[in-house]
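Try each task yourself before you read its solution.

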Amino acid sequence: REKYLVHSNILFKFASSNNTVLGTNEKAAAKVAGHDLKGLVQYVNCGVRGLRFPMMALIDYMGYRLVAMSRLPISGENTHVYGSSDGGKTVKNHKKAARKMERCARQLNLTTWTAGLFKYLAKPLHSAVDIEVHRANRAFYALDFSRAFPPEKLGVASEIPQDDRQVKVRMLCALLRPELVRSNRTPLCSDAFSSFLKHEPKRYDLEQDVRQATERLHFQIIPQFAQFLDSTPKHMRRAVTKKLSGLLHDKGINCRHLGRVRSFVQQRYWRNILLLEMTARVIKEDVRALWRQKMCLMH
């Protein structure tokens, strides 16, 4: 992401797709930025004493997304004590920082695993390898939460993309919701199905746990939610419709699975409502794409 510092205390990060993974997928870039805020909120809500976080806001304008963050009193590798800042090549695991991240992991139902690209530099972590913790002013500051939660296992309820880049994009964008992770019987690994896990002895078991969580979402939770909609009394339909997205999220269902929910629904009312919701979301993305085209023509 392109970064800009304004008034010495606000850092703006432009959610751009100009990198080797996302290609030209601006929608994916915006999604990753949204995951960053979502992960931050979940870690803040853990309330671990001595672990501090930046203030963050998302700004959507003309089809593009900006991330606005408060500037932290950190200085790169000089203060970096936990996680990796170079894509897993080197991993740091400061004892006190690790204990705080472990407390968060217990609340979020995340497990511990050995992370790193090189065996002799890999270390046990309690979070995604690219979540960084810095130590400054006798406190710990955490940032970079876009991969705070595990990705869905591809191929469980849909075909695996043929293009390797599309697979990587899905791994960054199609994450399991925190509500689903919390409700899982076993703690899950945020780095599942990635090369960061290559030196973890229990890699197969950790990835199998995420696969089972994905199967539970598609073959148990989603059908049950469809039954809930079908059984909703007529006088309650309007109230349920108004908070449909929230109800989906409470059950750990991502809105990208609205089509799958609809495939299980029998009542015509709910099939129409779900189709309307999906159509509105597609139109929103089309409008954002048109805005981006207009911006390009203006510049």
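**Exercise 1.** Which residues form a nonpolar patch on the surface, and what is their accessible area together?

Before the solution, some ground rules. This is a predicted model, where local features need pLDDT of at least 70, side-chain atom pairs count only at pLDDT 80 or more, and totals for chains, interfaces and linings use all residues. Residues are numbered from 1 along each chain as its sequence is written, and side-chain values use heavy atoms, with hydrogens and water left out.

*Solution.* Step one: the patch is made of Ile283, Val287 and Trp291, with about 260 Å² of accessible area together. To join a patch, residues need over 30% relative accessible area and no salt bridge; nonpolar side chains are joined within 5 Å, like charges within 9 Å. Areas come from the Shrake-Rupley method with a 1.4 Å probe.
Helices here are DSSP runs (H or I) of at least four residues, and strands (E) of at least two.
Step three: Val287 has 31% relative accessibility, so it counts as partly exposed. The scale runs buried under 20%, exposed over 50%, partly exposed in between.

**Exercise 2.** Find the largest cavity and describe its lining.

*Solution.* Start with the definition: on a 1 Å grid, a cavity is a set of points where a 1.4 Å probe fits but cannot get out, while a pocket is an open set with protein on both sides within 12 Å along at least five of seven lines; lining residues have an atom within 4 Å of a point. A search of the whole structure turns up one cavity of 30 Å³ or more. The largest cavity has a volume of about 60 Å³. Its lining includes His35, Lys38, Phe145 and Arg177. Helix H1 (residues 26–44) gives the most, with three residues. By class, you get six nonpolar, four polar and two charged residues.

**Exercise 3.** How many residues line the second largest pocket, and which lie nearest its centre?

*Solution.* There are 33 lining residues, and Lys27, Lys31, Arg256, Arg281 and Glu285 lie nearest the centre. The pocket holds about 1100 Å³ of space. H1 supplies the largest share of the lining, eight residues. Sorted by class, the lining has twelve nonpolar, seven polar and 14 charged residues.

**Exercise 4.** Count the salt bridges, then look at some pairs.

*Solution.* A salt bridge is a side-chain nitrogen of Lys or Arg within 4 Å of a carboxyl oxygen of Asp or Glu. By this rule the count is 14.

- Asp144 pairs with Lys13, with the closest N and O atoms 3.9 Å apart. These two are 131 residues apart, with Asp144 in the loop between strand S11 (139–143) and H3, and Lys13 in strand S2 (residues 10–14). Lys13, at 5% relative accessibility, counts as buried, and Asp144, at 25%, as partly exposed.
- Arg288 meets Asp60 at 3.9 Å, N to O. Arg288 sits in helix H9 and Asp60 in strand S4, so the pair ties together parts 228 residues apart in sequence. Asp60, Arg65, Glu285 and Arg288 are linked in a network of salt bridges.
- Glu207 pairs with Arg203, at 3.1 Å between the closest N and O atoms. Both are in helix H5 (residues 203–230), and because they are four residues apart, about one helical turn separates them. Glu207 counts as buried at 15% relative accessibility, whereas Arg203 counts as partly exposed at 27%.

Notes:
Buried means under 20% relative accessible area, exposed over 50%, partly exposed in between (1.4 Å probe, protein chains only). Grid points are joined across faces, edges and corners, and a volume is the space filled by probe spheres set on the points. Ala, Val, Leu, Ile, Met, Phe, Trp, Tyr, Cys and Pro count as nonpolar, Asp, Glu, Lys and Arg as charged, and the others, Gly among them, as polar.
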